[in-house]
Amino acid sequence: MIKRVATVVSTEARAFNNYATVNGSRAGGLDFWTPNINGFRDPRWGRGQETPGEDPFRTSQYVRQLIPGLQGEKGDKYPRIAATCKHFAGYDIEDWEGNERYGFNAVIDTQDLAEYYMPAFEACVRDSDVRGIMCSYNAINGVPTCASPYLLQTLLRDTWNFTDEAHWVTSDCDAIANIYTDHYYVKDGAHASAVSLNAGTESYNARSDYDCGNTYPQFLGPAYSLGLYNTSQLDLATNRRYSLLAKLGYFDPPSMQPYRQLSWADVNTASSQALAYEAAVKGITLLKNDGTLPFSTAKPLRVALIGDWANATGQLQGNYQGTAPYLISPLQAFSAQPGVTVNFAAGIIGSSSSNVTDMASVNAAAEDSDVIVFIGGIDESIESESRDREQITWSAAQTSIINTLATFKKPMAVIQMGGGGLDSTFIKQKKNIGSLIWAGYPGQSGGQAIADIVFGKVAPAGRLVATQYPANYVNQVPMTDMNLRPSNGSTNSTNPGRTYMWYPDAVYNFGYGKHYTTFKVALSVPGPAIVSNVAFSTDSLVAACRQSGNVEFMDQCPFRTFTVTVTNTGGRISDYSALLFISGKHGPTPYPIQRLGGYTRMSSIAINSAQSAQIPLTLGNLARTDAQGRKVLYPGTYKISIDTNPALATLTFSLSGHEVVLEDFPTPPTPVQQNPKPVLSASPLPFGYSNLGCYVENDSGARFLAYEAYDNGTNTPTLCATACTGAGYSVSGTEYSSQCWCGNAAPPQKAPESDCSRACTGDGEFSVVVGGGDVAYLGTLANMRLTGDQPCGGTWRADVVQHAT
């Protein structure tokens with residue numbers, strides 16, 4: 001499924017690019033900044049919706065299908081597109097309680113780093129030959145990722161062989177600037193540019209249609225003048241960028257390239273539309289059902305369709321969406337069902353609303369209906385890039401409506417939308433609510449997929465990709481705590497554990513999903529039998545693999561292929577997703593509750609019929625990660641389980657022998673303390689500036705302060721000048737290319753240097769580049785940001801400095 005979806009994405013991308021090439025437009029590029037493969041370790045993360053979920057093995061398997069779908073197979077002369085795995089690494093905070101991604105330092109121990117945060121990137125690079133890697137905004141253990149030789153050289157290139165001339169690293173949107181403006185890792189833009197280039201970041205993330213960052217263009221010249229890098233490093237970076245263009249066929253005649261023949265006829269095809277529907281159906285997950293669903297339409301049925309998502313269209317797509325050829329809302333799809341009359345009432349305006357806007361219509365719709373469906377949850381107004389959540393509960397308005405609808409005591413189903421989990425304990429426990437479905441962001445055919453599952457045209461067989469936690473979880477562990485394992489009183493932390501592997505008290509855990517039918521599952525192993533308590537030798541397993549010479553990496557050595565036989569013992573044809581989990585006492589303590597080792601999906605299992613599928617396990621699946629980050633095959637007991645809560649089939653065995661290292665992990669550098677925010681003053685000045693003297697401005701005169709024109713990360717001195725002039729200000733400037741500052745100057749009066757050197761109690765200091773980008777003022781933040789706020793006797797004062805360029 002994932003590979004087919006990715007193939008459609010990349011095929012259509014080529015068609016768009018071909019159109020752009022012929023018509024001289026910017027309709028589409030070929031370097032795609034996808035996939036986002038950071039682990040969804042905390043339910044509050046605003047971008048968790050973009051990821052494959054919380055499990056590192058599942059994400060790695062996703063990558064191994066997605067990258068060939070996007071790029072094509074290894075060895076192809078021309079990739080369809082260049083994929084970029086992001087965000088490398090440890091990135092999963094947007095803006096939580098003042099901890100912004102731009103300056104966040106993720107403190108991660110070596111075991112978690114290797115076991116949880118790195119496997120998906122290894123799968124991208126080592127196993128899938130992705131063309132690009134995007135380093136992230138955050139730092140890891142004190143070092144910004146885009147300036148980390150350990151990440152970009154030791155791990156990426158030396159360990160995973162990211163060494164092809166067409167492999168390249170790009171920063172996230174001007175993350176190079178954040179190295180000095182937010183992390184304070186170096187003192188200025190020149191040093192930030194040099195440390196990033198030397199570490200292996202080939203490109204700052206910038207595009208010519210908007211200013212997404214200008215650190216490299218602005219500061220690589222001064223950095224070279226200071227001798228901070230040599231031209232061979234710049235040549236290497238340039239070669240990697242242009243080699244990627246050559247790899248994509250940018251310089252070859254179209255007649256030589258099969259993908260240059262794609263056209264609009266390859267966009268929005270009937271098969272692609274069918275795939276969009278199939279993907280939506282297969283992802284929808286049944287969490288609760290007492291027999292309420294599916295609703296029968298054998299006779300006329302009146303349905304109350306309630307909620308802020310009931311008539312959703314654009315919401316169905318989530319974030320970073322393209323322009324869909326159509327969007328089928330739930331209301332449209334329900335209304336089109338034969339024999340169904342829909343009584344619709346939104347009841348709420350927006351998923352974040354705390355107030356019910358029209359309860360009368362909700363009550364009337366429920367009263368006049370045979371069954372009730374509430375569709376709600378969260379959307380982009382609550383979870384998105386730059387927006388983390390504080391709470392993981394249904395909104396007060398949604399909760400009120402759901403509870404009121406339950407009092408009608410009619411067959412009732414709740415459809416939960418959005419990427420991040422919600423505490424649905426009250427729905428799970430309430431007897432008058434018969435069914436709960438998670439539908440996420442199901443895309444252009446999402447409404448149709450939901451309707452077809454609700455009315456039984458298709459049967460649900462999806463599984464949760466992220467654990468849904470109780471509401472109090474957010475009070476037990478801060479987002480900034482990167483540890484996966486529970487603290488168990490070993491530190492001052494109250495971390496109860498993260499993900500299904502370490503957290504035992506989920507509302508619904510990763511991998512959970514019910515069906516409209518029942519299944520019986522049997523587990524067996526072809527060839528040499530495995531029976532309970534049979535022992536295998538770690539040494540002999542590894543020796544046999546080495547002797548065979550069939551694998552390149554020891555973690556890929558085969559162990560056994562398990563046969564899962566599933567019999568449909570219920571009354572409906574249904575798919576079944578077989579998830580194989582590993583647990584037991586082996587490796588370092590604490591032991592995880594369980595961990596995913598393999599999975600497969602069986603399609604359309606007929607009533608009273610059986611299907612079989614194979615799930616291979618490797619030695620790497622059995623291995624655990626030690627404190628040094630090494631992947632080790634341990635002696636001990638192992639339990640194989642199919643399905644979760646409850647397991648439907650199990651098998652146990654043991655491994656004897658020695659601990660065998662399957663894969664080494666390079667030792668990370670010693671963590672460093674993140675530097676505090678520097679206090680800027682006229683002496684010493686940042687590189688490239690000279691002091692023009694101290695100036696003061698009287699509060700009664702024209703003041704240079706206090707108008708923040710933009711804050712969207714895309715400003716230039718020219719844009720700011722236009723904005724400020726339009727707002728009636730005579731002076732403009734930018735701070736860190738993210739904010740415009742406007743003001744009026746009379747001009748300020750020259751004053752003794754002592755006026756600028758005396759302190760203002762309680763004021764922070766700032767730097768802001770003004771006057772077309774060539775002059776900077778250094779002064780107090782409060783005076784610049786807040787209109788009418790004039791500490792120090794009502795006088796603003798600053799050292800005025802001139803930039804050398």
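His87 sits in strand E2 (residues 82-88). Strands here are DSSP runs of E with at least two residues, helices are runs of H or I with at least four, and both are numbered from the N terminus. A cis peptide bond, with omega about 0 degrees, links Lys86 to His87. This is a predicted model, in which local features need pLDDT of at least 70 and side-chain atom pairs count only at pLDDT 80 or more, while totals for chains, interfaces and linings use all residues. Residues are numbered from 1 along each chain as its sequence is written, and side-chain values use heavy atoms, with hydrogens and water left out.

## Backbone details

Another cis peptide bond joins Leu293 and Pro294, again with omega about 0 degrees. Pro294 belongs to the loop between strand E10 (285-289) and strand E11 (301-306). Most residues other than glycine have a negative phi, and most peptide bonds are trans.

Asn161 is not a glycine, yet has a positive phi of about 65 degrees. Its loop runs between H5 and strand E9 (168-171). Asn161 is exposed, at 53% relative accessible area. Exposed means over 50% relative accessible area, buried means under 20%, and partly exposed lies in between (1.4 Å probe, protein chains only). Tyr184 also has a positive phi, about 55 degrees, without being a glycine. Tyr184 lies in the loop between H6 and H7. With a relative accessible area of 18%, Tyr184 is buried.

## The whole chain

The protein chain holds 23 helices and 34 strands. Of its 805 residues, 55% are buried. Contact means heavy atoms within 4.5 Å. Among contacts between residues at least 6 apart in sequence, 76% join residues at least 24 apart.

## Cores

In soluble globular proteins, nonpolar side chains tend to be buried together. A nonpolar core is a set of buried Ala, Val, Leu, Ile, Met, Phe, Trp, Tyr and Cys residues joined through side-chain atoms within 4.5 Å. The largest one has 81 residues, and Phe88, Met118, Val130, Ile133 and Leu156 touch the most other members. Helix H2 (residues 56-71) gives the largest share of this core, 6 residues. Another core, of 38 residues, lies apart from it and includes Val564, Ile605, Leu651 and Val660.

Leaving out residues up to four places away in sequence, Leu156 touches Phe88, Val125, Ile133, Leu151, Asn161, Phe162 and Val169.

Helix H7 (residues 189-199) has 8 of its 11 residues buried, so it is largely enclosed by the rest of the structure. The buried residues of H7 are Gly189, Ala190, Ala192, Ser193, Ala194, Ser196, Leu197 and Ala199. Their cover includes helix H5 (149-159), helix H6 (175-181), helix H8 (215-225) and helix H9 (231-247).

Tyr117 is placed in helix H3 (residues 110-117). Its relative accessibility is 7%, so Tyr117 counts as buried. Neighbours within four places in sequence aside, Tyr117 contacts Arg41, Gly90, Asp92, Ile108, Asp112, Met482 and Leu484. Tyr117 and Tyr91 are 26 residues apart in sequence and 9.0 Å apart in space, C-alpha to C-alpha.

## Two helix pairs

Two packed helices are described by the angle between their axes and the distance between the axes. Axes are lines fitted to C-alpha atoms, for helices over the stretch in contact, and angles run from 0 to 180 degrees between N-to-C directions.

| Pair | Angle | Axes |
|---|---|---|
| H1 (residues 2-23) and H2 | about 30 degrees | 7 Å apart |
| H10 (residues 270-283) and H15 (residues 446-454) | roughly 50 degrees | within 9 Å |

The angle makes H1 roughly parallel to H2. Angles under 35 degrees count as roughly parallel, over 145 as roughly antiparallel, 65 to 115 as roughly perpendicular and the rest as oblique.

H10 is oblique to H15. Tyr277, Ala280 and Val281 of H10 make the contact with Gln448, Ala449, Asp452 and Ile453 of H15.
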